[in-house]
Amino acid sequence: MLLGQLEKINGEAMVRDAETARQVTAKILHLIQTQGESAHTPTCHATSYSVNTRDVQTILNILYILSELLTVGKGRRVGVFVSKGGTGILFQILLSNSKELPPSEELMLQLHSLLAKVGSKDRKFGVKARLSGALNVTVNLVKQNLQNAKLLLPCLQVLRVYSTNSVNAISLGKNGVVELMFKIIAPYSKKNTSLLKVALDALGALLKSKTNARRAVDGGHVPVLLALYLDWHRNDTRHRHMLIRKGLLVSLRNITNIKLGRKAFLEADGMRILYNSSTECLPVRTLDPLVNTSSLIMRKCFPKNRLPLPTIKSAFQYQLPHVPAAGPVAQLYSQPPGVDDVVDESDDNDETEADTENDTENEEDEKDHHTSNDDIETDLNKLHPKKNPGRPFEELRVYERFFSELSEDFQVILFLKNGIPTAQALSPKRVPMSSSQEDVNPTKGQNPQLPPSTSTSTPPAPLTPLQLDTIHLSKDQNTKDEAHIPSTDGHATLSTLTRPPPQGQTIEQELAHVLECVSLDDEAGEGAVLEVPDTALLLPLHDPDVYVEMVKGTHSVPQYAEVAYPDYFGHITPTFREPHQERVYGVQRSKIFQDIERLIHPNDILDKVVYDLDIPSCPVIEDDGESLKFNSQFESGNLRKAIQVRKYEYDLVLNSDINSNHYHQWFYFEVSGMRVGTTYRFNIINCEKSNSQFNYGMQVLMYSVQEAISGRPRWVRTGTDICYYKNHFARSSIAAGGQKGKSYYTLTFSTSFRHKDDVCYFAYHYPYTYSTLKMHLSKLEALRTPQIYLRQDVLCETLGGNSCPLLTITAMPESNSNDHICQFRNRPLIFLSARVHPGETNASWVMKGTLEFLMGTSPLASSLREAYIFKIVPMLNPDGVVNGNHRCSLSGEDLNRQWQNPNPELHPTIYHTKSLLQYLAHIQRAPLVFCDYHGHSRKKNVFMYGCSVKETVWQSNISATSSDLQEDLGYRALPKILSQIAPAFSMASCSFVVERSKESTARVVVWREIGVQRSYTMESTLCGCDQGKYKGLQIGTRELEEMGAQFCVALLRLKRLTGLRNHQHLLDLEKTQVHKSMYTLDECIKRSLMMYIFRTRSSLS
Ligand SMILES: [Zn+2]
């Protein structure tokens, strides 16, 4: 009621009314002050009465009232005040009273105090201030009252809020506010610190604008900021003014977002100043924010270096039979000769980096998640599987030969001849050891292979005798005998290198210890124990002599003549657990500081090249005993260059995939000449992915030859101080998809060596070479029993001249009766493939588990063989594997993006695998399940990607009629079963959404064109598990092989489910598993989808 009167009198502002108003407001103020918190007067009412009031005392009284009211009740009252338009009224008062000269200081002070209080709660504060013209009023006040701390403080507080609006920031900059702030900030003093703090906050906000940052640089303020920071750093010894120090750094951080700012920072010796101050701050944990911001600034300003390479194109060249008209390879070939592709003008990207104060950076994970939603297929036509007949049947008929089990006349061949089938009878086409079997290649005639050419002029080295002279295990004859590998003539003979191992007994004991049968908790009552093939048990399937034989028939572009010991000796899974490595606090920061040190103390850096594939005589290193020796010139090896940067620290550069200028991730190299007990640091400096499981517990793998010959041939997880971070090597836009200003990433790890005169190997993941596959396949023959039908064909030859094996595994018909032959021929087909991506070696280990299970003697394995015919292409990209590629084939392309239109010449393995499937579709025998095994570098566990119209529609929000959504739910059964029986498998990580970027992958094409509903990609982690039995452990070959075996068991269960032809069963399965409740299947799927949406998904398939 009182306030109602006020409104009336304020309108005309007559003297009498003003007098009344003064009295009334004074009274209200008194009331409120005396009643304190019990004052329940709605704040908002007070506001509407001050408009146009010209009486200063009245306004002041009202402002006091407001101030009192807004102080109590926390932010709620401020919110009400804002919502009733209070901010606008305050601005009006500010404006009208500013016209009085001089304006009442008390009034201005009160107004600004109130505005400061309100500003942070009003999202449109900045806009309102600008539109009302209040910006200049405040600015002028500040200008006129630089010495008046009492009035200055609230004004700066308001200015701080204005500046957070980017348009205001620019306009304030124009009015000289940046310069103004620089007048206020001052050297160390105990006085007016809160004023200084607010001024710095405002300055920091203003400098987010690039024009303001430029203004600060032009005004010569970068050295000023650095000097001030140093002054506060030196004088604030008790760390009472962290916020001021941080404020100075934030201003520097924002200025250095522009190129000019970085230049000024470097010129002002900023690197050294921040490096030294940060080093002094390091021991005090509470100063971490200062160290982190300093580190961020230094990383940004660190001059971008070029990779120490002549070109980013692979060090090896392979001339393609023809260059595709478009695409990455065409681009690579069209590049003018002599162009420097290592760097470009890439520093003109003024990227604003997130202020990552924490130790890890996963900003890009977020990005991935967002882009993935744009990637969902929304075209319903594309979502509905449309069987595509592909090539005419006449053309496909040639593939009939790979399905002789569907027509073979067992009556004649097997049963009448010898009574029992023989291995030979069924395997007319073994995997060829040489090119003599090329006649089985159906495409031989039409695809003449051009001989591979290499970049080096050295003639091909003779393949025999095998040169193992890079191995110098002992030069000192006094060390213990059994460790010696004679190498006096430089050519160690294989027999001395192999067996019997000097401590054969130890191996026996260890094997016995390792022997384990993993039994499955078999809920469905299969009633059997699954004997998971253990690597130790299976070491008989590894034969070094056979391996060497296989290597001789393997064709690599660099014509490798050496064999890496781990592939030669084999690998036995360690018996100990290998948990995820816990990350020590501050590791990344200290590594980055060591990198920055290189710039601060350049004289401490050796910069000594110790390995270089780009020089023809590589590796020629004078052996002064001061450097490690590196080598990777063996199958699957990948190391291009090694540079000793400090006594015990090396920068390593990986080679690009052949016919490509990027894809660096996979590595496999040899190290020797080490000192025992010394810690070495290795930095792989040209990684490309924005984040890595190396930041989340994954370690690298190491293999010691000394350990191997002492009876422990095995890869072990190793490395401390591991982290993965963005470095200062510029990535050429040519290799970054046209994006400028990108950097590479460093994977760093430290390790020490236990043995003198050892030869050790490091790898990204457990290596599995093409020669290993061939050895393994030849050894699989030995597992054949009269009941097993095993046939090995050569599907085709690759560009590089390697054959691509195709396996057929099933059970022999029970007898030659018509019924049994008929059952045999009518078994559903299961089609499996793996290793289209060479760097995903885990896929090969899973495949090994599958193959060995299928060839096993367990009742489950027999049932499985009797239930299905298995068609398996265990390595879709032999050339990539052989040549140490990470992702591509020799054509420089990702083969798993070629399934829509594979080219018979450039992508023969994909072309012929797809043709096999097309042939099957033509004869109405499309497989029941198709699964392509992959590895995943950024997620934990094992999981599947499948294809579902319904789930894609749900996630994309496109409208669809219910008939569009008619879908058999069978695609969920297999992953569901796997999540029940395989401890590494996680249903929660599975996705059944069809993405546009994946439309040319095996999974999507086989689903859409061949019409296979259960078409999957199975992704195995490179790191480890975060759920189930293996939670907290890194994954090993045992778990990977077990996964492969359990995939088979799941297929057997699937057989029983599909045999019922009744989805009620499936529903039960889903219900009991997902949530022992009454959810319908759809709800279950929706729930898991909802959970999935919150997870990140990688772009890899
Ligand atoms: Zn993959």
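**Helix packing and selected residues**

Modeller: Helix H16 (residues 242–255) packs against helix H19 (residues 288–301) at an angle of about 15 degrees, and their axes are 10 Å apart. Axes here are lines fitted to C-alpha atoms, for helices over the stretch in contact, with angles running from 0 to 180 degrees between N-to-C directions. This is a predicted model, in which local features need pLDDT of at least 70 and side-chain atom pairs count only at pLDDT 80 or more, while totals for chains, interfaces and linings use all residues. Residues are numbered from 1 along each chain as its sequence is written, and side-chain values use heavy atoms, with hydrogens and water left out.

Biologist: What does that angle make H16 relative to H19, roughly parallel or roughly antiparallel?

Modeller: H16 is roughly parallel to H19, a class for angles under 35 degrees, with over 145 counting as roughly antiparallel, 65 to 115 as roughly perpendicular and the rest as oblique. The crossing of the two is left-handed, meaning that the near helix is turned anticlockwise from the far one by less than a right angle.

Biologist: Which residues meet there?

Modeller: From H16 they are Met 242, Arg 245, Lys 246, Leu 249, Leu 252 and Arg 253, and they meet Pro 289, Leu 290, Thr 293, Ser 294, Leu 296, Ile 297 and Lys 300 of H19; contact means heavy atoms within 4.5 Å. By class, the contact of H16 with H19 has seven nonpolar, two polar and four charged residues. Ala, Val, Leu, Ile, Met, Phe, Trp, Tyr, Cys and Pro count as nonpolar, Asp, Glu, Lys and Arg as charged, and the others, Gly among them, as polar.

Biologist: And at what angle do H4 and H7 pack?

Modeller: Helix H4 (residues 56–71) and helix H7 (residues 105–119) pack at about 30 degrees, with axes 10 Å apart, which makes H4 roughly parallel to H7. H4 passes H7 in a left-handed crossing, and the residues in contact include Leu 63 and Tyr 64 of H4 and Leu 111 and Leu 114 of H7. That contact has ten nonpolar, three polar and two charged residues.

Biologist: Switching to Asn 168, is it buried or exposed?

Modeller: Asn 168 is buried, at a relative accessible area of 0%, where buried means under 20%, exposed over 50% and partly exposed in between (1.4 Å probe, protein chains only). It lies in helix H11 (residues 166–174), and its side chain reaches the backbone oxygen of Gly 126 at 3.1 Å and that of Tyr 162 at 3.2 Å. Leaving aside neighbours within four places in sequence, Asn 168 is in contact with Gly 126, Arg 130, Leu 135 and Tyr 162.

Biologist: Why call H40 largely enclosed?

Modeller: Nine of the nine residues of helix H40 (residues 973–981) are buried, so the helix is largely enclosed by the rest of the structure.

Biologist: How many helices and strands does the chain have?

Modeller: The chain comes to 44 helices and 18 strands, taken as DSSP runs numbered from the N terminus (helices H or I, at least four residues; strands E, at least two). Of its 1101 residues, 59% count as buried.

Definitions and conventions:
A polar contact is a pair of N or O atoms within 3.5 Å; within protein, one must be able to donate a hydrogen and the other to accept it, and residues adjacent in sequence count only if both atoms are side-chain atoms.
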